[in-house]
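Look at the two chains below before reading on.

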Amino acid sequence: MIYLTRKVEFSASHHYHNPELSASDNQRIFGKCNNPNGHGHNYTLEVTVKGSVDRQTGFVVDLKQLKEIMNREVVDALDHRYLNKEVPEFANQIPTTENIAIAVWKRLQDKLEVAKLHRVRIYETPDLWADFYGEE
Amino acid sequence: MKAYLTRRYMFSASHRLHCDGLSDAENQATYGKCNNPFGHGHNYFVEVTVSGQVDPATGMVCNLVDIDNFVRREILDRFDHANLNTLPEFREQVPTTEVLSVVIYDILKQSFHAGHLEKVRIEETMLNSFEYAGGAELRI
């Protein structure tokens, strides 16, 4: 089994707010991230797939295909977007790094043909990231 | 949905690798330049990984403020700009980064309860790093 990771960057804005909580609870839990006008990050997405090496091609996965799928399913939808307002997953869900990792997993899991999705990692900054390995 | 959250911190500290149970010559042979009696220092990067179910109300595994406050109070405030050999944890242990990884893991495991501790990873320099998951195998 070989694990292969492909990286891509996108930039997006978001804010954290739970409408079921009071304004003061939102402020207490989410702090600066609760600013209703939003703020942004340069996100880095790492997608790790696993599989055996094809004898003929020497590939686990065709990187060109993986890149196209990541661009089409994730980057085109998230890059330079306000996640809360423009990405359907976050209409009723807070766009934390954890939830973005889960949303990206769901966007990709049925799109990979040969290799199996192993891990989605989202860096919000170089000092903070979330990993999702599917439901466990 | 279970997710894993990792936060990266930095502190600078000095240390000397020296084992009292070995002779001077053995210490020199084992630790080389790291045995310099005056010590030397590193910028350590510490990555703390916690896991848990994502709370539907907050979208979080664990509130970053809680983990930041804990690490600042219990680790960075004690270890940053310190000589590791003078800390109680290293009175009877050589402050290698292997041991430092276990020490930091144990501090978190014992007193940080806002999330499930998965592992600690420490970079001593850009060229070497150490990971400890309480004895468990690491997950890629």
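A crossing of two helices is called left-handed if the near helix is turned anticlockwise from the far one by less than a right angle, and right-handed if clockwise. By that rule, helix 2 of chain A and helix 4 of chain A cross in the right-handed sense. This is a predicted model, in which local features need pLDDT of at least 70 and side-chain atom pairs count only at pLDDT 80 or more, while totals for chains, interfaces and linings use all residues. Residues are numbered from 1 along each chain as its sequence is written, and chains are lettered from A and ligands numbered from 1 in the order in which they are written.

**The two chains**

- Helices (H or I, at least four residues) and strands (E, at least two) are DSSP runs, numbered from the N terminus.
- Chain A has four helices and five strands, and from the N terminus on they follow the order β-α-β-α-β-α-α-β-β.
- Chain B has three helices and five strands, in the order β-α-β-α-β-α-β-β along the sequence.
- The C-alpha trace of chain A spans about 60 × 30 × 25 Å along its principal axes, and the C-alpha atoms of chain B fill a box of roughly 60 × 30 × 25 Å.
- A residue is buried if 20 or more other C-beta atoms lie within 10 Å of its own, exposed if 12 or fewer, and partly exposed in between, with C-beta atoms placed from the backbone.
- Of the 136 residues of chain A, 30% count as buried; of the 140 residues of chain B, 29% do.
- Two residues are in contact if their C-beta atoms, placed from the backbone, lie within 7 Å.
- In chain A, 69% of the contacts with a separation of 6 or more are between residues 24 or more positions apart.
- In chain B, 68% of the contacts between residues at least 6 apart in sequence join residues at least 24 apart.

**Strand pairing**

- Two strands pair if DSSP finds at least two bridges between them.
- Within chain A, strand 2 (residues 39–51) and strand 4 (residues 116–125) run antiparallel and are joined by seven bridges; A:Leu45 stands opposite A:Ile122 of strand 4.
- Strand 4 of chain A also pairs with strand 5 of chain A, in the antiparallel sense over five bridges, and here A:Ile122 stands opposite A:Ala130.
- A hairpin with two residues between the strands connects strand 4 of chain A to strand 5 of chain A.
- Within chain B, strand 1 and strand 2 (residues 40–53) pair in the antiparallel sense over 14 bridges, with B:Tyr44 as the bridge partner of B:Phe11.
- Strand 2 of chain B is joined by seven bridges to strand 4 (residues 116–125) of chain B, and these run antiparallel; B:Lys119 is the bridge partner of B:Thr49.

**The helix crossing in chain A**

- Axes are lines fitted to C-alpha atoms, for helices over the stretch in contact, and angles run from 0 to 180 degrees between N-to-C directions.
- The axes of helix 2 (residues 63–78) and helix 4 of chain A come within 10 Å and cross at roughly 125 degrees.
- That angle makes helix 2 of chain A oblique to helix 4 of chain A, given that angles under 35 degrees count as roughly parallel, over 145 as roughly antiparallel, 65 to 115 as roughly perpendicular and the rest as oblique.
- A:Ile69, A:Glu73 and A:Val74 of helix 2 meet A:Val104, A:Arg107 and A:Leu108 of helix 4.
- By class, this contact has four nonpolar, no polar and two charged residues.
- Ala, Val, Leu, Ile, Met, Phe, Trp, Tyr, Cys and Pro count as nonpolar, Asp, Glu, Lys and Arg as charged, and the others, Gly among them, as polar.

**Where the chains meet**

- The contact takes 19 residues from chain A and 17 residues from chain B.
- On the side of chain A that touches chain B, helix 4 (97–108) and strand 5 (128–132) are the elements that give two or more residues.
- Strand 5 of chain A gives the most to that side, with five residues.
- By class, that side of chain A has nine nonpolar, five polar and five charged residues.
- Strand 5 of chain A runs antiparallel to strand 1 (residues 2–15) of chain B, and four bridges join them; B:Leu5 is the bridge partner of A:Ala130.

**A:Glu98**

- A:Glu98 lies in helix 4 of chain A.
- A:Glu98 counts as buried because 27 C-beta neighbours lie inside 10 Å.
- Not counting residues up to four places away in sequence, A:Glu98 touches A:Ala130, B:Ala3, B:Leu5, B:Val54, B:Gly59, B:Met60 and B:Val61.
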